[in-house]
Amino acid sequence: MNLDLIRQDTIGCSDKIFLNSAGSSLMPKVVVETIVDYLHEEQQFGGYATAGRNSGTINQFYEEAAKLINTQPSNIAFTNSSTDGYFRALSCISFKEGDSIITTNDDYISNQIAFISLQKRCNIEIIRVGNLEDHELDLDDFERLIKKHAPKLIAVTHIPTNSGLVQNVEGVGRLCRQYDILYLVDACQSVGQMVVDVTAINCDFLTATGRKFMRGPRGTGFLYVSDRVLEQGMAPLPVDSNGAQWTEFNDYQLNETAKRFELFERSTASLLGFKEALQYANTIGMHHIENYNRGLAEKLRDGLQNQGFRILDKGNKLSSIVTFCQQDGKIESAYKILTEHNVFFTVSNKNNALIDFTLKNVDHAIRLSPHYFNTPDEIEKIIQLLAQ
């Protein structure tokens, strides 16, 4: 990694300490330039003609996304966000009364709300697996619940938005294959900050966003769909002209690829910006990015703990999301000093992580999310600021 070049490409890191990549990260120059150039071309030729002139470059999006997570371009669908892709995946499953979903205590708020909505509408059961004392998923409990309930779907968030925990999605994937259960993984916080391999995870669906650690534009994401889902003819509700061909007055033929999960109308400029962000990360190499990020996060956690802060991240494997509060559970003093010194961060609230924060007995946490354009000196400065 050439950190000097990366920081030159990242204009937004020159006048601040930016530690909010888990929210919406800083785009490299090439991402913004690609979007602007495409919009200028649309201004000149119109949207349809411009898309036609750039069809080859558009196809590169699927190639770069597939390369990132170790799959094929035919398994990738462009979406407007991770949640957009997540809901399209859910919509292709025919839930009925008495069905069940097994999930975790640390699943993303929008996913949990979606499950509750399905519960209210279809009268399904939501089952949350237990955690071990070290906060890791209890795979024995997972298997017991699978045998007991024969769930229609298992859904796990790889990295919760409110914590640095990295959940054992690979271990869950092995159980899903053993018992032939559909498996949906929310990877919106892991894609872009660490290696994500769908062949190792063994999932049927995986969702990702552009705006977080991927460093792409807002309004972008992708959905991975496994071959077995495609071969079974599963499709979202509804399907439009991008996902199927109208073949008879009252029939259609599905697109053979994951594009059946796409909609015809989308921002092509944003898609191409996202393509550049994917290519940028692939060129550096996700192994390099993950190793560098791990070092920054470990340095930050150690420093905060040495200064007497309460680290809220629990688990054997932790990510580039660092959450903490003061020993009394408050955050006001730390919030004030960080804001005054132009540090960009996020506050996680209890209503976004109701189960996790209730168990930890906190209402708020400061969330810092360093990324590979940050420097060890910036991390050291944060620690020194908070020492006050």
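**Close-up views of a predicted model**

**View 1. Surroundings of Gln167.** The side chain of Gln167 comes to 2.9 Å from the backbone oxygen of Thr157, a polar contact (a pair of N or O atoms within 3.5 Å; within protein, one must be able to donate a hydrogen and the other to accept it, and residues adjacent in sequence count only if both atoms are side-chain atoms). This is a predicted model, in which local features need pLDDT of at least 70, side-chain atom pairs count only at pLDDT 80 or more, and totals for chains, interfaces and linings use all residues. Residues are numbered from 1 along each chain as its sequence is written, and side-chain values use heavy atoms, with hydrogens and water left out. Gln167 lies in the loop between S5 and helix H8 (169-178); helices (H or I, at least four residues) and strands (E, at least two) are DSSP runs, numbered from the N terminus. Gln167 counts as buried because its relative accessibility is 3%, where buried means under 20% relative accessible area (1.4 Å probe, protein chains only). Not counting residues up to four places away in sequence, Gln167 is in contact with Thr104, Asp106, Leu137, Val156, Thr157 and His158 (heavy atoms within 4.5 Å).

**View 2. Helix H5 (residues 82-91).** Of the 10 residues in H5, 7 are buried, among them Tyr86, Arg88 and Leu90. The buried residues pack against elements including strand S2 (76-79) and helix H6 (109-122). At the start of H5, a side-chain oxygen of Ser81 lies within 3.4 Å of the backbone nitrogen of Thr83.

**View 3. Helix H13 (residues 332-340).** Ala334, Ile337 and Leu338 are buried in H13. Their cover includes strand S12 (322-325) and helix H15 (376-386). Asn342, which follows H13, has a positive phi, near 60 degrees.

Methods
Buried < 20%, exposed > 50% of the residue type's maximum accessible area, 1.4 Å probe, protein only.
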